[in-house]
Amino acid sequence: MDLIYEKSSPGRRAGGVPQYDLPRVEVPAALRRAAPPRLPEVTEPELVRHVTALADRNFGIDTGFYPLGSCTMKHNPRVNERAAGLPGFRDLHPLQEDEGAQGALDLMWRLQRYLSEITGLPGVSLQPAAGSQGELTGLMVMRAYFTDRGEGPQRDTIITADTAHGTNPASVTMAGYALEKVATDARGNLDLADLRTKVNERTAGLMLTNPSTLGLFDEGIEEVAEIFHDAGALLYYDGANLNAVVGHSRPGDMGFDIVHINLHKTFSQPHGGGGPGGGPVAVRDTIEPFLPSPQVVRDGNAFRLDHDRPKSIGRVRGFAGPFGVFVRSYAFMRAYGPELREMSDVAVLNANYLLARLRDVFELPYDRHCMHEFVLSARNLKREHGITALDVAKRLMDFGIHPPTVYFPLVVPEALMIEPTETEVKARLDEFVDAMLQISREAAEDPELLRTAPHTRPVTRLDEVRAAKEPVVRYDFAGHTTTQAGTR
Ligand SMILES: Cc1ncc(COP(=O)(O)O)c(C=O)c1O
């Protein structure tokens, strides 16, 4: 497929800018660019075709099954887009004074209340823009809490599981804490014996996903909470897997003190291309004063942004947070109403259905019912036929299915992490099983077919090492001498 620069022709335009009829403003010579920017010049139909062709080459939840474990790639209800596009929301200026933004503040206040109910924790800040930023915010809040108690320098370590998502250790390091890892036991829970040797007076807290990235609910969570609280430390809940437990169990009731929620996963938001997301943080009442500022508060029937929060860690994102995400998540919750727990019921049911149908063909490292996702190992295929998890993932693309997450969590060799979500019908789940069963047969009968897959995609097997080490991320104008500055 040609690049847009290779379709460029001088003087072509996709649209016109209205004539400027105000006095011309001279840009100071020092700020003026010497040559026009090298932009492609194409007509609107050519531009639309180019972008559509690019989109067609992509996988997305709107084109097929997308069981990318931990990412919760569920259908995004279209009515949410309509709500987010209402002019009163869409056209609201972020600097609009509170009196003129009552509807938006009302929605944000209600969303805070819903998240408080779902997590079982009273204080909520909507500001963080993603799960990872929620993690950093939560840890900054934790530090502010301990500093306020005079324990800041003493408590310098955060404990994470060896199954933790990569953002957990990254956030711990960014927040200035030392990192300690705790092992997973034979049932996929935190290893309590290992944990007890690591928690002490230097521990600030635990950072844990429950269910874990293995898709398993930690059976010892109450004991875990006791160990940390007895040591004066706090528990942080990485809410990326909240899709499994909404309406069934609440992090606050499990003993967690600080939680982030990935709005874009659990409460839907198109997020496959990297955004926009939402990572609100919910906390216990004793920690609430340290949440980011401003907070949305209600005075009688009026809503306002409260900036008067002396103990707050301050602002972590521009304006009041990713507002469009709030509208979609709020609309999502209202569409379910009190039946929101059915979302988690079906997510867990779908995952267990797939697990039951695939467990005899792939290895199952932890033989338990799963929550909303599960992890298989392709180790048997590797041992018997030299076929890896990567080969399985690549071959799935030939069936029009987005690969599951592979090689994560790190504790499972040749890991395939599968999350179907609640929005898939049984026929689609069965298609996935059929594809996986066919792939396991192919591993024995025609392994080369898998090693060279995918065969039907616009891009076939890449040299992954080279792609990582020598990425081409810039158009090489010098190598394409026919494409001059803005001309061809
Ligand atoms: C378990 C877990 N924690 C944290 C994150 C980070 O969330 P985000 O991608 O919104 O930054 C993810 C994202 O995939 C995750 O799966």
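Author: Start with a cut-off: buried means under 20% relative accessible area. Keep in mind that this is a predicted model.

Reader: Why is His 271 called buried?

Author: Its relative accessibility is 15%. The cut-off for buried is under 20%. His 271 therefore counts as buried.

Reader: Where is His 271 placed, and what does His 271 touch?

Author: His 271 lies in the loop between helix H10 (263-266) and strand E7 (281-283). Leaving out residues up to four places away in sequence, His 271 touches Cys 71, Thr 72, Met 73, His 264 and Lys 265. His 93 is another matter: 178 residues along the chain separate His 271 and His 93, and their C-alpha atoms are 24 Å apart.

Reader: What makes helix H14 mostly covered?

Author: The count of buried residues. H14 spans residues 389-397, and eight of its nine residues are buried. Among them are Asp 391, Lys 394 and Arg 395, as well as Val 392 and Leu 396.

Reader: Why are H5 and H6 called oblique to each other?

Author: Helix H5 (residues 131-148) and helix H6 (residues 167-174) pack at about 40°, with axes 9 Å apart. Under 35 degrees would count as roughly parallel, and roughly perpendicular runs from 65 to 115. The H5 and H6 pair is therefore oblique. Their crossing is right-handed.

Reader: Which residues make the contact of H5 with H6?

Author: Ser 132, Glu 135, Leu 136 and Leu 139 of H5 meet Thr 167, Asn 168, Ser 171, Val 172 and Met 174 of H6. By class, that contact has four nonpolar, four polar and one charged.

Reader: How do you know that H4 and H11 are oblique too?

Author: By the angle again. Helix H4 (residues 102-119) and helix H11 (residues 323-336) pack at about 60°, with axes 10 Å apart. Roughly perpendicular begins at 65 degrees. H4 and H11 are therefore oblique. This crossing is left-handed.

Reader: What meets what between H4 and H11?

Author: The H4 side includes Leu 107, Leu 111 and Tyr 114, and the H11 side includes Phe 323, Phe 326 and Tyr 330. The contact of H4 with H11 has twelve nonpolar, one polar and two charged residues.

How values were computed: Residues are numbered from 1 along each chain as its sequence is written. This is a predicted model: local features need pLDDT of at least 70, side-chain atom pairs count only at pLDDT 80 or more; totals for chains, interfaces and linings use all residues. Side-chain values use heavy atoms; hydrogens and water are left out. Axes are lines fitted to C-alpha atoms, for helices over the stretch in contact, and angles run from 0 to 180 degrees between N-to-C directions. Helices (H or I, at least four residues) and strands (E, at least two) are DSSP runs, numbered from the N terminus. Angles under 35 degrees count as roughly parallel, over 145 as roughly antiparallel, 65 to 115 as roughly perpendicular and the rest as oblique. A crossing is left-handed if the near helix is turned anticlockwise from the far one by less than a right angle, and right-handed if clockwise. Contact means heavy atoms within 4.5 Å. Ala, Val, Leu, Ile, Met, Phe, Trp, Tyr, Cys and Pro count as nonpolar, Asp, Glu, Lys and Arg as charged, and the others, Gly among them, as polar. Buried means under 20% relative accessible area, exposed over 50%, partly exposed in between (1.4 Å probe, protein chains only).
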